[in-house]
Amino acid sequence: LENGGVFEMGWRGTFEPPPFLLFFSRRIGISEDGPIPVLGGLRLTGRAGSQTVGLLNVVTDDAFGEPRENHAVARVKRDVGSSSYVGAMFTDRRSAGNWNSTAGVDWSFWPTSVLNVQGFAAGTATSGAGGDGAAYRLGVDYQTDRFGIAVGHLGVGPEATADLGFVARTDIQRSDAFIRLTPRPRVLGLRKIDIFWSNNLFTSFGGALQDWEIGLALAPEWNTGDGFGFFA
């Protein structure tokens with residue numbers, strides 16, 4: 001787990017299983033039937049100048065009807081300025097006659113101290129039929145003391161397959177919005193009141209409605225540190 005964030009690419013979401021990750025370490029050495037023996041591996045993480053580098057290669061033995069497999073991950077991120085970066089990642093899961101590979105790029109830019117623009121784009125390829133797809137996300141986050149807004153759009157193609165990653169749902173186009181207002185009334189000993197509004201919308205790539213959610217929350221906090229939250 002040390003420096004595990006080096007291998008992070010995709011989007012984890014909030015209070016939910018990760019919608020899309022290019023790499024998820026628990027896919028190595030674990031199956032639904034039990035633990036898979038690890039024959040050996042090599043892991044390297046660190047920094048070289050403005051670059052953050054991560055390399056991983058693990059070989060697992062055959063077990064539960066699954067053949068011996070090689071799992072490889074390569075990750076690089078380059079700092080841009082003091083807080084921004086661009087990066088790339090490649091993963092490959094391979095056995096005799098079968099393979100699945102993914103490749104992607106990601107970025108996070110801070111034009112100002114309160115505005116962040118982040119996203120990723122990835123493609124997947126698999127031996128045999130199916131498994132060739134794509135996923136992407138673009139998000140914008142603007143946060144100040146009194147106001148915040150975050151919007152994003154995620155797409156995961158119908159055939160997107162990341163054998164070394166985590167894909168919660170395929171064939172989705174998901175739009176999210178989150179707005180926060182934080183007034184600070186000087187009454188009743190209040191420190192602040194957080195008012196949240198959020199919604200998301202899921203459709204298929206063909207445009208069919210899958211599901212949607214809208215929520216409103218209210219969370220006052222007093223100078224004593226006491227507070228409560230209400231959500232509908």
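Which strands each supply at least two residues of the lining of the second largest pocket? They are β3 (30–31), β8 (84–95) and β9 (98–112).

## Basis

This is a predicted model: local features need pLDDT of at least 70, side-chain atom pairs count only at pLDDT 80 or more, and totals for chains, interfaces and linings use all residues. Residues are numbered from 1 along each chain as its sequence is written, and side-chain values use heavy atoms, with hydrogens and water left out.

Helices (H or I, at least four residues) and strands (E, at least two) are DSSP runs, numbered from the N terminus.

## Pockets

A pocket is an open set of points on a 1 Å grid over the protein atoms alone, where a 1.4 Å probe fits, with protein on both sides within 12 Å along at least five of seven lines; lining residues have an atom within 4 Å of a point. A volume is the space filled by probe spheres set on the points, joined across faces, edges and corners.

The largest pocket holds about 910 Å³ of space. Its lining has 40 residues. Trp11, Gly13, Thr14, Glu16 and Arg137 lie nearest the centre. Strand β15 (residues 190–203) gives the most to this lining, with five residues. By class, 16 are nonpolar, 13 polar and eleven charged. Here Ala, Val, Leu, Ile, Met, Phe, Trp, Tyr, Cys and Pro count as nonpolar, Asp, Glu, Lys and Arg as charged, and the others, Gly among them, as polar.

The second largest pocket has a volume of about 410 Å³. It is lined by 22 residues, with Arg27, Glu66, Glu69, Arg93 and Asp163 nearest its centre. This lining has six nonpolar, six polar and ten charged residues.

## Nonpolar core

A nonpolar core joins buried Ala, Val, Leu, Ile, Met, Phe, Trp, Tyr and Cys residues through side-chain atoms within 4.5 Å. The largest has 21 residues. Phe7, Phe23, Leu56, Val73, Met89, Phe120 and Val156 have the most contacts inside it. β6 (51–60), β10 (115–126) and β12 (147–156) each give two or more residues to this core.

Met89 is in contact (heavy atoms within 4.5 Å) with residues beyond four places in sequence, including Phe7, Phe23, Val73 and Thr102.

## Aromatic pairs

Rings of Phe, Tyr and Trp (its six-membered ring) pair if their centres lie within 6.5 Å; planes under 30 degrees apart count as stacked, over 60 as edge-to-face and the rest as tilted. The count comes to six pairs. Phe24 and Phe166 have ring centres 5.2 Å apart and planes at 70 degrees, so the pair is edge-to-face. Phe24 sits in the loop between β2 (20–21) and β3, and Phe166 in strand β13 (residues 166–167), 142 residues apart.

Buried means under 20% relative accessible area, exposed over 50%, partly exposed in between (1.4 Å probe, protein chains only). Phe24 is buried at 19%. Phe166 is partly exposed at 23%.
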